Amino acid sequence: MKEQKLTIVAQLEVKAEKVEFIKEELFKLVSATRLEEGCITYDLNQDLKDPNSFLIYELWESRALWEQHMQSEHLLAYREAAADALVQFSVQEMQGLEP
């Protein structure tokens, strides 16, 4: 059986005084991640009503390739940079369904 694609929805709430800093760090993360093996989509979004709120929508060829991403140098560097800027962070791991 073919391995299913993996959808990830990450939501971040950022301290107001750190929004511009985090945006720059996220831009670096997005650019590097889009070059990774298995990355189909990696889109960064900012809430129109709450600029402190971000959503990253990811689509990966497989869970294994996403797990490699989770250990990548650029993600670890982002985590370190963002450590004191986040108010809340959540990740949903999802699977696409087709009729």
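A search of the whole structure finds zero aromatic pairs, a pair being defined by centres of Phe, Tyr or Trp rings (for Trp, the six-membered ring) within 6.5 Å, with planes under 30 degrees apart counted as stacked, over 60 as edge-to-face and the rest as tilted. The model is predicted, and local features need pLDDT of at least 70, side-chain atom pairs count only at pLDDT 80 or more, and totals for chains, interfaces and linings use all residues. Residues are numbered from 1 along each chain as its sequence is written, and side-chain values use heavy atoms, with hydrogens and water left out.

A charge over a ring is found at F21, where K18 lies over the face at 5.8 Å from the ring centre. The criterion is that NZ of Lys or CZ of Arg is within 6 Å of the ring centre and within 35 degrees of the ring normal.

The UniProt annotation "domain: ABM", from an unreviewed entry, covers residues 6-94. Such positions are given in the numbering used here, feature names are shortened, and annotations may be inferred rather than shown by experiment. The span of residues 6-94 is 37% helix and 38% strand, and its end C-alpha atoms lie 6 Å apart. Helices (H or I, at least four residues) and strands (E, at least two) are DSSP runs, numbered from the N terminus.

The largest nonpolar core has 22 residues, and those with the most contacts inside it are I22, L26, Y42, W60 and Y78. Two or more residues are given to this core by each of β1 (6-14), α1 (19-33), β2 (39-46), β3 (53-60), α2 (63-70) and α3 (73-82). A nonpolar core is a set of buried Ala, Val, Leu, Ile, Met, Phe, Trp, Tyr and Cys residues joined through side-chain atoms within 4.5 Å. Buried means under 20% relative accessible area, exposed over 50%, and partly exposed in between (1.4 Å probe, protein chains only). Leaving out residues up to four places away in sequence, Y42 touches L29, V30, T33, R34, I56, Y57, E58, W60 and H69, where contact means heavy atoms within 4.5 Å.

Helix α1 has 15 residues and reaches 20 Å from its first C-alpha to its last, close to the 21 Å expected at 1.5 Å a residue; the expected span is 1.5 Å times one less than the number of residues. The buried residues of α1 are V19, I22, K23, E25, L26, L29, V30 and T33. An α-helix has 3.6 residues a turn, so residues three or four places apart point the same way. The cover over the buried residues of α1 includes β1, β2, β3, α2 and α3.

T33 is found in helix α1 and counts as buried because its relative accessibility is 0%. Not counting residues up to four places away in sequence, T33 touches C39, Y42, W60, H69 and H74. The C-alpha atoms of T33 and L6, 27 residues apart along the chain, are separated by 15 Å.

L65 lies in helix α2 and, at 11% relative accessibility, counts as buried. Its contacts, not counting residues up to four places away in sequence, are with E37, G38 and W60. Between the C-alpha atoms of L65 and Q11, which are 54 residues apart along the chain, the separation is 20 Å.

Two strand residues were also examined. D43, in strand β2, counts as partly exposed at 32% relative accessibility. D43 touches R34, L55, I56 and Y57, residues up to four places away in sequence not being counted. D43 and Y57 are 14 residues apart in sequence and 5.2 Å apart in space, C-alpha to C-alpha.

T7 is found in strand β1 and is buried, at 12% relative accessibility. Not counting residues up to four places away in sequence, T7 touches Y57, E58, L59, Q92, E93, M94 and G96. G96 is placed in the segment after β4 (86-94) and is partly exposed, with a relative accessible area of 45%. Apart from neighbours within four places in sequence, G96 is in contact with Q4 and T7. The C-alpha atoms of G96 and Q4 are separated by 8.0 Å, although 92 residues apart along the chain.
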